[in-house]
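User: I am new to this structure and would like a short tour of its pockets, sheets and cavities. Could we begin with the terms?

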Amino acid sequence: MTLINDVAVPSADLLGRQRSAHLAAGPASAAERRDRIQSVIDLLVRHHEEFAAAMDADFGGRHHGYSLMNDVVGSLGPLKHARDNLETWMQDDPRTPYAPYDQMGASAYVQYQAMGSVLILGTWNAPLFTVLSPLAGVLAAGNRAVIKPSEITSRTAEVLQRVISEEIDPDVVAVVTGGVDVAQELTCLPFDHIVVTGSAAVGRAVMANAAANLVPVTLELGGKSPVLVGRSADLTATAMKIAVAKATNGGQICVSPDTVHVPRENLDALVEAVATAFGTLHPSAAGNADVVSAVNDRHLDRVDALVRDAAERGARVVTAPDENLSTTDRRRPLRIVVDPPADAAIRSEEIFGAAMIVQPYDTVDDVLAELGAGPKPLALYYFGDDDEERDRVLARSTSGGVTVNNVMMHPGMNEAPFGGVGVSGMGHYNGREGFLQFSHARTVFLAPDADPRGDWGMLPPYGEHFTLAMIAQITA
């Protein structure tokens, strides 16, 4: 349920209200869409400090500046981009009619229609960004939205619900808070589209519920994003960029590098370089305000257990900075797990925390074969100055997106789609592709006055030449 004028409104009623409002108002103009997006922008600007404080409390330690950068500024980018470009995106897209009608005055175009009401399910690692970034495309396409933030970051969810209910018409955007039971209830409703950021298990559950009403879904699901370090790569520069990525949000990012594949002869050098680089960024972990805490004890214990399991199976673990794990807070140094055996859980599970794998390889083709045999990742990273090798890696791999000679850069592009493939997701948002994702593309054919089919013997009763004419079309 959500509160409207201090009255609890069931989710089904909320959806019904938005649908009724959508039908009564008709298609939203470009000005109306801009105003809706601007209201979200204004809300973020007015309440940015309150949001940052809530995220700090939710994580038990998340730097205000980082929360402002990642979730507030990170959301403002796609919102402003959509606001400034939606009028261009809304234009009808002319298409060429088929012969002979193209020569007889026919015309055709694709019209982009709003779907109606879209459900957005966010996740905890970026509690504002994962709901407000897709919201940019949803509103640009003329839709209304119901947002369900993660219950794990409950304080942030409560602030978001309060300020949106106070400042935005719930018939346009509403926030529903609660746990898994609320998400279950929402995803069983006949929304016009559902957007989900979360795990593969969450994606499967949402798809199963959505299937009952044939609701289309967009899923951003993460996965084990690999790094392939070529022999031409600068190891020191590469190590620093990997360390920066792993230091970001305590490694709790869907596109965080998970497994680094490095030439066997460079294994020890890269491990040492990453440890040194991470230690430069974070000379200590425990009590360091720059280090983002694991969001709760359950997630902390899960990552610690993955590292412990690998060590028990014989993997070498390098800790940077080299300090004992704190028992008083959830901040962690980076644990570099070197060449864990294939049966170690860390090899198959997404880490999503302050740990990473480094594996040696002999040939790039060996790595490509391993990646090709596994689940398709959300992101792929290649380091090296060998253009031919880079192009071979791009041609023979599949991933949601790629960054070359850096890490986690491509998701920030507002002019390009962001999304997964296979088990890492389906569909995408960002920019015009997000607008298209949340629009119905409707073909419109404007027929000419003349219709020659009768004169040409193409209508019943069929004459003797009809079949011969069709055969001629096939065999000519």
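Analyst: On a 1 Å grid over the protein atoms alone, a pocket is an open set of points with protein on both sides within 12 Å along at least five of seven lines, whereas a cavity is a set of points where a 1.4 Å probe fits but cannot get out; lining residues have an atom within 4 Å of a point. Grid points are joined across faces, edges and corners, and a volume is the space filled by probe spheres set on the points. This is a predicted model, in which local features need pLDDT of at least 70, side-chain atom pairs count only at pLDDT 80 or more, and totals for chains, interfaces and linings use all residues. Residues are numbered from 1 along each chain as its sequence is written, and side-chain values use heavy atoms, with hydrogens and water left out.

User: What volume does the second largest pocket have, and which residues lie nearest its centre?

Analyst: Its volume is about 980 Å³. The lining has 39 residues, and Tyr66, Asn70, Thr248, Ile253 and Met408 lie nearest the centre.

User: Which elements give two or more residues to that lining?

Analyst: They are helix H4 (64-90), helix H5 (129-140) and helix H9 (235-247). Helices (H or I, at least four residues) and strands (E, at least two) are DSSP runs, numbered from the N terminus. The largest share, seven residues, comes from H4.

User: And by class?

Analyst: The lining of this pocket has 20 nonpolar, 16 polar and three charged residues. Here Ala, Val, Leu, Ile, Met, Phe, Trp, Tyr, Cys and Pro count as nonpolar, Asp, Glu, Lys and Arg as charged, and the others, Gly among them, as polar.

User: Changing topic: is strand E6 mostly covered or uncovered?

Analyst: Strand E6 (residues 144-148) is mostly covered, with five of its five residues buried, that is, under 20% relative accessible area (1.4 Å probe, protein chains only). Arg144, Val146 and Lys148 are on one side, and Ala145 and Ile147 are on the other.

User: Now the cavities. How many of 30 Å³ or more does a search of the whole structure find?

Analyst: The search finds three.

User: What about the second largest cavity?

Analyst: About 60 Å³ of space lies in it. Its lining includes Pro78, His81, Trp89, Ser133 and Tyr429. H4, H5 and helix H14 (431-437) each give two or more residues to this lining, which has six nonpolar, six polar and no charged residues.

Key. Buried means under 20% relative accessible area, exposed over 50%, partly exposed in between (1.4 Å probe, protein chains only).
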